[in-house]
Protein chains: 2
Amino acid sequence: MPAKASKVTIADIAAEAGVSVPTVSKVMNGRSDVAPDTRQRVEEIIRRHGYQRRTDERYRKSNLLELMFHELESAWALEIIRGVERVAGENGMAVVLSESQGRLRPGQSWLENVLARRPVGVIAVFSDLSADQLAKLRARDIPVVVVDPVGEPTAETHSVGATNWQGGLTATRHLIELGHRRIAMIGGPQHVLCSRARVDGYRAALETAGLTVDPELVRHGDFHVEAGYKQLLPLLSLEDRPTAVFAGSDLQAVGVYEAARAAGLRIPEDLSVVGFDDLPVARWVGPPLTTVRQPLQEMAAAGARMAITLAGSGDVEHHRVELATSLVVRSSTAAYSGGR
Amino acid sequence: MPAKASKVTIADIAAEAGVSVPTVSKVMNGRSDVAPDTRQRVEEIIRRHGYQRRTDERYRKSNLLELMFHELESAWALEIIRGVERVAGENGMAVVLSESQGRLRPGQSWLENVLARRPVGVIAVFSDLSADQLAKLRARDIPVVVVDPVGEPTAETHSVGATNWQGGLTATRHLIELGHRRIAMIGGPQHVLCSRARVDGYRAALETAGLTVDPELVRHGDFHVEAGYKQLLPLLSLEDRPTAVFAGSDLQAVGVYEAARAAGLRIPEDLSVVGFDDLPVARWVGPPLTTVRQPLQEMAAAGARMAITLAGSGDVEHHRVELATSLVVRSSTAAYSGGR
């Protein structure tokens with residue numbers, strides 16, 4: 001990080017960039033009526049000098065935290081919202097919620113609106129901001145914290161996640177210890193890092209137990225109910241069908257329940273099922289679901305606190321925090337019975 | 001509504017109130033350093049004159065919609081958020097989310113923060129703003145729309161709800177048509193109007209079918225899972241136990257499922273269950289839940305549109321809109337079998 005040199009003025013930046021002072025102001029306020037190369041040059045200079053904004057009315061930050069989802073689809077999102085809302089409340093801040101309508105990368109209008117709102121910080125959930133978007137936010141001292149990043153987290157991105165690999169390992173070991181050998185895995189989207197980690201944990205559990213991974217039993221969904229149903233159903237008609245499934249998410253586990261019901265299989269007598277997340281629904285399905293608890297509220301709260309800290313002192317101890325997952329054993333898993 | 005007289009100035013208001021111009025400004029900006037009686041007098045004059053604010057920078061509204069919950073507890077809240085988020089997106093606005101931590105009436109700091117943010121409008125979910133809070137918002141031309149109001153909606157309050165009475169009637173008639181006579185009802189909190197309407201619909205269905213309402217079978221919870229469990233369980237050990245339950249909400253129905261399981265009763269063979277809401281969980285429980293669909297997303301969207309319209313032209317056709325509920329028959333209800 002560059003040293004902060006608070007003596008640099010907007011006039012200095014304008015002179016160095018060869019533009020007028022109003023142009024620098026426009027860039028700083030996120031206005032779109034600036035030529036892209038001019039904007040880039042000005043942002044680069046602002047960043048290099050670590051320009052500290054005057055705290056007059058026009059540049060003062062609001063007391064808003066931006067929370068951005070790529071989709072507001074499941075109870076998963078509500079847990080995240082509650083975690084951020086809690087920390088915002090403790091700090092006298094309010095939460096602005098936005099959704100990038102299923103796209104992993106939010107559009108330009110989202111960014112312009114965020115810059116105009118001058119939030120304390122941005123918490124991006126399961127989303128993939130571009131380098132350009134990150135640079136624009138950084139140029140205005142708006143820290144970004146990503147919860148469960150999709151791409152490889154770089155040293156420049158602050159992020160919070162859960163120990164997904166460990167969770168996948170624990171879930172699969174639980175099934176192995178119950179005597180299961182044919183264990184199916186339904187992951188999330190292949191490009192999503194948290195899903196990869198869960199699948200890798202599954203593989204590690206099998207391989208360290210001396211079992212081989214059957215590629216036929218490893219499928220990928222999108223973490224939602226329908227995917228669990230659709231991915232499991234064909235496996236149930238295999239000659240040597242799986243006797244247990246690690247469903248990758250609680251919602252996929254709900255779909256797995258439906259597929260088992262459709263195939264006339266009882267849970268856990270004929271099929272053991274483990275989920276991931278520990279959403280409220282895990283307790284409500286019949287039978288209650290054994291799952292890997294991911295502390296979503298706490299992860300979101302940690303992300304919000306990180307953003308507030310970065311906006312204040314500007315420094316946090318770690319760029320990446322992973323909170324621990326834990327296995328919650330309920331009634332959807334049972335010892336392998338040997339037959340069908 | 002008073003006629004708008006756009007020629008009234010801040011100076012006129014200050015003169016009439018016997019205060020300085022800066023004091024009027026403070027009141028209009030929601031600052032707290034004004035004596036309560038002064039504030040009240042100024043607000044009253046502003047309201048009476050229908051003062052139209054100049055649209056300069058200091059008084060301009062933000063593009064924020066305020067969405068206020070008394071609790072962010074269930075998937076219910078997520079449906080509401082999605083509806084408001086959708087309309088906000090269509091109008092280039094962003095949503096600020098806040099929660100009054102379980103209190104039905106949000107506190108003073110919430111109001112001050114809202115006034116400082118100058119939102120387009122406020123959508124209050126299942127909450128009960130005080131007359132004073134409503135007056136303060138009205139004095140600043142910030143419209144308030146209540147979704148599912150707790151108290152009696154007055155002509156001055158704009159609100160959106162569902163046809164709760166009709167929904168309760170339909171749910172109970174469905175059970176009567178299946179041959180059930182001992183039908184229990186678990187309502188929400190007694191003071192909550194939408195819950196009263198559902199219970200009244202239940203009574204109306206029984207009475208118009210020539211059946212008497214047994215007060216012993218009418219219980220009240222708080223719409224959450226645990227309440228369904230706790231309120232139903234004692235009824236199952238009655239000599240003449242109910243053979244069907246209208247659970248008042250989907251989450252209470254989930255609790256009813258647990259109570260039935262604990263008592264060794266099968267659904268629907270031994271006990272028929274109807275929910276209310278049609279949350280995603282209704283499809284996922286085993287067996288899938290027969291329920292009354294309440295169009296939560298559409299209700300929230302209608303509330304958001306109403307607030308935006310009020311902020312613009314200042315007028316809507318109806319103060320109160322009720323969207324229709326509908327019965328969704330799944331697998332948790334069956335014909336009365338005569339025995340146990």
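Predicted model: local features only at pLDDT ≥ 70, side-chain atom pairs only at ≥ 80, totals over all residues.
How many bridges join strand β6 (residues 183–187) of chain B to β7(B), and in which sense do the two strands run? Three bridges join them, and the strands run parallel. Within this pairing, Met185(B) has Val218(B) in β7(B) as its bridge partner.

In chain A, six strands form an open sheet in the order β7-β6-β8-β9-β10-β12, and the pairing is mixed. The edge strands are β7 (218–220) and β12 of chain A, each pairing on one side only.

Several pairings of the chain A sheet can be set out by their bridges. Strand β8 (residues 244–246) of chain A pairs with β9(A) in the parallel sense over three bridges. Strand β9 (residues 272–277) of chain A is joined to strand β10 (residues 290–293) of chain A by four bridges, again with the strands running parallel. Between β10(A) and strand β12 (residues 326–328) of chain A there are three bridges, and these strands run antiparallel. Strands of a sheet pair through backbone hydrogen bonds, either parallel or antiparallel. The table gives bridge partners from these pairings.

| Residue | Bridge partner | Strand of the partner |
|---|---|---|
| Phe246(A) | Val274(A) | β9(A) |
| Phe276(A) | Val292(A) | β10(A) |
| Arg293(A) | Ser326(A) | β12(A) |

Helices also lie on the sheet of chain A. Helix α8 (residues 193–208) of chain A lies across β6 (183–187), β7, β8 and β9 of chain A, and runs at about 165 degrees to β6(A). Helix α10(A) packs on the sheet as well, touching β6, β8, β9 and β10 of chain A. The direction of α10(A) makes about 155 degrees with that of β9(A).

## The contact between the chains

The contact takes 30 residues from chain A and 30 residues from chain B. Together the two chains bury about 2500 Å², of which 58% is on carbon and sulfur atoms. On the chain A side, Leu78(A), Leu97(A) and Trp284(A) lose the most area to chain B, together 25% of what that side buries.

Elements of chain A that give two or more residues to this side are α4 (75–90), β2 (94–99), α5 (108–117), α10 (250–262) and α11 (281–284). By class, the side of chain A that touches chain B has 17 nonpolar, five polar and eight charged residues. Between chain A and chain B the count of salt bridges is zero, while four residue pairs are in polar contact, both residues being at pLDDT 80 or more.

Strand pairing also crosses the contact. β2(A) and strand β2 (residues 94–99) of chain B pair in the antiparallel sense over three bridges. In this pairing, Val95(A) stands opposite Leu97(B) in β2(B).

## Salt bridges and local backbone features

Over all chains, the structure holds 19 salt bridges. One salt bridge is formed by Lys136(A) with Asp132(A), whose closest N and O atoms are 2.8 Å apart. Both residues lie in helix α6 (residues 131–139) of chain A, four residues apart, about one turn of the helix.

The peptide bond from Gly286(A) to Pro287(A) is cis, with omega near -5 degrees. Pro287(A) is placed in the loop between α11 and β10 of chain A. In chain B, a cis peptide bond joins Ile267(B) and Pro268(B), with omega about 5 degrees. Pro268(B) lies in the loop between α10 (250–262) and β9 of chain B.

Asp278(A), a residue other than glycine, has a positive phi near 60 degrees. Asp278(A) is in the loop between β9 and α11 of chain A.

Methods: Residues numbered from 1 in each chain as written. Chains lettered and ligands numbered in written order. Heavy atoms only, no water. Contact = heavy atoms within 4.5 Å. Buried area = accessible area lost by both parts, 1.4 Å probe. Salt bridge = Lys/Arg side-chain N within 4 Å of Asp/Glu carboxyl O. Polar contact = N/O pair within 3.5 Å; in protein donor to acceptor, adjacent residues only side chain to side chain. Nonpolar A, V, L, I, M, F, W, Y, C, P; charged D, E, K, R; others polar. Pairing = 2+ DSSP bridges. Axes fitted to C-alpha atoms, helices over the stretch in contact; angles between N-to-C directions.
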